[in-house]
Structure formats: C-alpha cells, structure tokens
Amino acid sequence: MQELRTPLSGTHACGLIVLALCLTGCSRDPFACVPVSGTVTLDGEPLSTARVIFSPQGDGKSAIVGPMSYCITDDQGRFELATPYGESGAVAGSHKISICGEVRDEENPRVVLKKEYLPARYWQGDTLTFDVPNHGTDEAHFALDSK
C-alpha cells in the first residue's frame with residue numbers, strides 16, 4: 001500500500017506559523033503569576049506567623065479566575081506569595097484577602113498551637129481587598145487593628 005503524502009504549500013505553512021504565534025504570543029497568560037510581597041502589622045507591630053491568603057475575584061467575564069496564593073509571615077511581618085502549585089506570586093487583578101492569626105511551635109513550625117486570635121473581619125475575607133498590578137508589587141502592606 002502506498003502512503004499518500006501532500007506537502008504543505010507555502011501558503012499553508014505560513015498560515016500555520018501565524019496561527020501558532022497568535023496562540024502563544026498574542027496575549028499575556030491571564031493566569032500567569034507576578035511577584036507579590038509586603039508586610040502585615042497588628043497595632044503597629046510586625047505580625048509574625050500569620051497566614052496571608054489572596055483569593056482572585058472575577059470580573060464578570062469568566063468564572064475561571066486563576067489560583068489563590070498564600071504564605072506565612074516571617075518574624076518581621078514580611079511575606080512573599082506563592083500558589084499551591086509552587087509558582088511564586090499571584091495572578092494580576094482584584095483579590096479578597098484573608099489574614100489568619102496563628103501561633104506556631106518554635107521547634108516544629110508546622111504545628112499550630114493557637115488559631116484565630118485576630119478579629120473575624122480579617123480572616124473571613126470580607127473586609128480586605130488588594131489589586132495586584134500586571135507587573136507585580138512589593139507594596140502589599142496590611143495594617144491591622146486588634147480592636
């Protein structure tokens with residue numbers, strides 16, 4: 001049996017190249033993460049071991065908004081976000097923010113000794129918002145009040 005082969009004409013080859021370029025390079029991936037870092041303070045003092053969660057919000061065009069991002073603040077209240085998939089940063093756009101107060105065991109930081117000492121308005125995700133710019137930011141600062 002003879003195999004039938006038809007070579008691509010110059011027009012077809014150019015069309016495929018243009019299509020490939022449009023599919024890969026014409027627009028920025030809407031779910032690509034950009035670097036996001038900042039600080040959290042409570043009553044003017046750095047808040048350590050707090051869990052910071054960024055939940056992206058839709059703009060009404062699509063139900064798919066991208067992955068959430070989270071991290072735990074260091075001793076100076078600083079944080080750098082990452083997704084559950086290990087990608088650094090957060091997707092650009094509007095986010096609802098949840099900040100959960102946790103006290104962790106110093107010898108084993110994976111063990112949470114006390115949770116939710118912050119007012120509910122911070123960990124419920126209804127009060128705090130943040131707009132992540134397309135280029136990312138190192139100025140995601142949250143000044144919390146214990147009262």
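A residue is called buried when its relative accessible area is under 20%, exposed when over 50%, and partly exposed in between, using a 1.4 Å probe and protein chains only.

The model is predicted, so local features need pLDDT of at least 70 and side-chain atom pairs count only at pLDDT 80 or more, while totals for chains, interfaces and linings use all residues. Residues are numbered from 1 along each chain as its sequence is written, and side-chain values use heavy atoms, leaving out hydrogens and water.

Start with confidence. pLDDT is the predictor's confidence in each residue, from 0 to 100. The protein chain has a mean pLDDT of 81. In that chain, 77% of residues reach 70 or more. Confidence is lowest in helix α1 (residues 10-25), with a mean of 42. It is highest in strand β6 (residues 78-80), at 98. Helices (H or I, at least four residues) and strands (E, at least two) are DSSP runs, numbered from the N terminus. Over residues 8-28 the pLDDT is below 50. Beyond near neighbours in sequence, this stretch has 5 contacts in the model. A contact means heavy atoms within 4.5 Å.

Now return to G77. G77 sits in the loop between β5 and β6. Not counting residues up to four places away in sequence, G77 touches G38, T39, V40, P46 and L47. G38 is 39 residues from G77 in sequence, and their C-alpha atoms are 8.3 Å apart.

T73 is in the loop between β5 (69-72) and β6. Is T73 buried or exposed? T73 has 4% relative accessibility, so it counts as buried. Its side chain reaches the backbone oxygen of L47 at 2.6 Å. The side chain of T73 also reaches the backbone nitrogen of T49 at 3.1 Å.

T49 itself lies in the loop between β3 and β4. At 22% relative accessibility, T49 counts as partly exposed. Most residues other than glycine have a negative phi. T49 is not a glycine, yet its phi is positive, at about 55°. D43 is another non-glycine residue with a positive phi of about 55°. D43 is in the loop between β2 (36-42) and β3 (45-46). With 42% relative accessibility, D43 counts as partly exposed.

Next, the strands. An open sheet is formed by 4 strands in the order β5-β4-β8-β11, with antiparallel pairing. Two strands pair if DSSP finds at least two bridges between them. β5 and β11 (128-132) stand at the edges with a single partner strand each, so one side of each has no neighbour in the sheet. From one strand to the next, the twist averages 25°. β4 pairs with strand β8 (residues 93-100) over 6 bridges, in the antiparallel sense. S55 stands opposite K96 in β8.

Finally, look at the aromatic rings. Rings of Phe, Tyr and Trp (its six-membered ring) pair if their centres lie within 6.5 Å; planes under 30 degrees apart count as stacked, over 60 as edge-to-face and the rest as tilted. This rule gives 5 aromatic pairs. The ring centres of F54 and F142 are 6.1 Å apart and their planes are at 80°, so this pair is edge-to-face. F54 in strand β4 (residues 51-56) and F142 in strand β12 (residues 137-144) are 88 residues apart, so the pair links distant parts of the chain. F54 is buried, with a relative accessible area of 0%. F142 is buried too, at 6%. F54, F79, F130 and F142 form one aromatic cluster.

Technical notes: A polar contact is a pair of N or O atoms within 3.5 Å; within protein, one must be able to donate a hydrogen and the other to accept it, and residues adjacent in sequence count only if both atoms are side-chain atoms. Axes are lines fitted to C-alpha atoms, for helices over the stretch in contact, and angles run from 0 to 180 degrees between N-to-C directions.
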